[in-house]
Amino acid sequence: VMIQAKQAFTYYEPEKKVVSRSGDECVVAAIDQWYLKYGEETWRGQIEGHLRSSNFVSYNDRIKESFEDAIGWLKEWACSRSFGLGTQVPWDEQFVIESLSDSTIYMAYYTVAHLLHGEENLDGKKGSPEKIKAEDLTDEVWDFVFLNGPLPKKSKIPQKLLEKMQKEFRFWYPMDLRVSGKDLIQNHLTMALYNHACVWEKEPDLWPKSFFCNGWLLVNNEKMSKSKGNFFTVDEIIKLYSADTVRLAMANSGDTLEPANFDQSVCNKAVLTLAVFLDLMKSLVSGNELLDTGAENARFVDVWFANEINRLVQEGKKFYETMYYREALRTCYFEFTSMFDQYRDICKAAGMAPNKALTMRYLEWQMIVLSPICPHFCEHGWSTVLGKSGSVLDARFPEPTKPVETSLTKQGDYMFNKVPHDFIKLLEKASKGGTMKSAVVYVAKEYPEWKKPLV
C-alpha cells in the first residue's frame with residue numbers, strides 16, 4: 001500500500017561489499033528477471049535420490065555432505081541477465097542466459113563436436129567437415145540426438161549423419177567424472193544435477209555419475225599471490241622441477257576439501273630421491289649388487305617382505321580408486337620404498353643378500369603403482385632399465401600373490417622393530433660386565449592355555 005501511495009520503494013543491497021574483477025564496486029539493480037525453481041519438491045527429490053543411489057559416487061563423505069547442504073538451501077536462481085556475452089533466452093531474446101545456468105550440460109555437446117568442427121577447428125571458422133550449418137541444428141535435430149526423439153521430417157542433415165550423432169552421444173554419455181573446486185558445489189555443480197534431471201528426466205542413467213572436489217591451492221602454506229612472488233604458471237613450475245616431481249608434490253598436497261598445500265621442499269627432495277632410486281634400480285638389474293637366487297619363501301624375512309608389498313599394493317589400489325592420491329603416494333611410494341630399504345638393511349645386517357625374485361617383483365610393481373603420479377620416470381624405469389616391452393601405462397595393476405596375513409605384519413614389526421630396540425637396551429646393560437656377541441630369540445608356537453579364551 002505504501003509503495004502504491006509512493007510513500008516507500010523496494011530497496012535491495014548485497015549481503016556484503018561486492019567488487020568486480022575490474023575493481024569496481026557493484027550495486028544491485030531491480031530489473032525483470034527469469035528464474036529456475038531449484039528446490040521445487042519433486043525436482044529436489046529426484047537429485048537427492050540420485051545422490052543416494054548406486055549410480056552416483058562422491059568419493060568421500062565431506063563432498064557428499066556438502067552437496068546435501070547445497071541442495072538444502074538452493075532455491076530460485078536467476079537464470080538470465082540483460083547484458084554481456086551469452087546465448088539468448090529462447091522465449092525472451094532481450095535476455096541472455098546467465099553463465100552458471102548456461103554451462104551445466106554443455107558436456108553433451110562434446111560428444112558430437114568432432115562431427116561439427118572436425119580437427120583443429122574448435123572455433124568453427126573453417127566450417128563443418130560434414131557441411132552442416134548452424135541453422136541446420138534445429139530443436140528437432142537436438143531432440144533426436146540427445147533425447148531419442150523422432151527423426152526430423154525435414155532436415156538438411158543426412159539421416160546417416162543424424163544417427164551417427166545420436167550413437168556418439170549414447171556411447172560417450174553420461175559424464176562419468178567431473179573434477180572441480182569445492183566452491184562450485186554451492187551453485188554450478190548442484191545446478192548440473194538439477195538440469196540433467198530436468199532434460200533427461202526419464203533417463204537417470206544419463207545424469208552425472210560422480211563429482212570429485214578439492215580445496216584451493218596454497219604454495220608453501222601461503223595463498224598464491226604475484227605480489228608475494230609465490231605464484232607459478234604450469235610452464236614455470238615444470239621447467240623449475242620437471243613434470244613428475246611437480247605431479248608428486250601435487251599428489252602430496254592433500255586429498256580433502258581443505259586447502260591443498262604445494263610444498264616446494266617436496267619437489268626439491270623428489271628430484272634427488274628419484275635419481276637415487278634410478279641408480280639403485282640400475283645396480284640391482286645389472287647385477288652390481290649381489291642378490292640371492294634361492295626360493296623366495298626360504299627365509300622368514302623374505303616371506304615377511306612379500307607379505308608387506310602385497311599389503312601395500314592392495315591398500316594403494318583402494319586409494320587410487322577413491323582418488324585419495326596423497327594416501328596412494330604414501331602407500332605406493334614412500335612406504336613401498338621404505339619397506340624395501342628395511343628389507344635390504346635386515347639382509348645386510350644378517351650377512352645375506354635380498355632375494356632376486358622378490359627384488360625384481362618389487363621393482364616392477366614400483367614402476368606400475370607409481371606410474372599414475374610419475375608416468376615419465378616410471379616409463380623410463382620400465383622400458384629402459386627393466387627392459388620391459390610396451391608401456392608401463394598399459395601394465396595391469398599388481399594383484400597380491402597371496403592373501404595378506406595380518407599376523408605376518410605383526411611378527412615382522414616385532415622381530416625387526418621391537419626386538420632390536422630391546423636388544424640395544426640389554427646390550428648397554430651387559431656391556432658393563434663383558435662383550436655380547438650374539439643373542440637368541442625364542443618364539444612360542446601357541447598361546448598358553450590361560451590366554452587362549454582371551455585371544
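Tutor: Let us begin with Asp302, which is buried, as its relative accessible area is 0%. Buried means under 20% relative accessible area, exposed means over 50%, and partly exposed lies in between (1.4 Å probe, protein chains only). Please note that this is a predicted model, in which local features need pLDDT of at least 70 and side-chain atom pairs count only at pLDDT 80 or more, while totals for chains, interfaces and linings use all residues. Residues are numbered from 1 along each chain as its sequence is written, and side-chain values use heavy atoms, with hydrogens and water left out.

Student: With which residue does Asp302 form a salt bridge?
Tutor: Its partner is Arg299, and the closest N and O atoms are 2.7 Å apart. A salt bridge is a side-chain nitrogen of Lys or Arg within 4 Å of a carboxyl oxygen of Asp or Glu.

Student: Is Arg299 buried or exposed?
Tutor: Arg299 counts as buried, because its relative accessibility is 18%.

Student: How many salt bridges does the structure hold?
Tutor: It holds 15 salt bridges. One of them joins Glu203 to Arg170, with the closest N and O atoms 2.6 Å apart.

Student: Where do Glu203 and Arg170 lie?
Tutor: Glu203 lies in the loop between α6 (188–199) and β7 (211–214), and Arg170 in helix α5 (residues 159–172), so the pair ties together parts that are 33 residues apart in sequence. Helices (H or I, at least four residues) and strands (E, at least two) are DSSP runs, numbered from the N terminus. Glu203 is partly exposed at 25% relative accessibility, and Arg170 is partly exposed at 27%.

Student: What about Arg44 and Glu48?
Tutor: They form a salt bridge whose closest N and O atoms are 2.9 Å apart. Both lie in helix α1 (residues 41–52), four residues apart, about one turn of the helix.

Student: Which residues are linked in a network of salt bridges?
Tutor: Glu308, Arg311 and Glu315 are linked in this way.

Student: Changing topic, how many disulfides are there?
Tutor: The count is zero, where a disulfide is a pair of cysteine sulfur atoms within 2.5 Å. Cys267 is in no disulfide, as the nearest cysteine sulfur, that of Cys374, is 10 Å away. Cys267 is also buried, with a relative accessible area of 0%.

Student: One last point: how far apart are Asn310 and Glu405?
Tutor: They are 95 residues apart in sequence and 9.4 Å apart in space, C-alpha to C-alpha. Asn310 lies in helix α10 (residues 300–321) and counts as buried at 3% relative accessibility.
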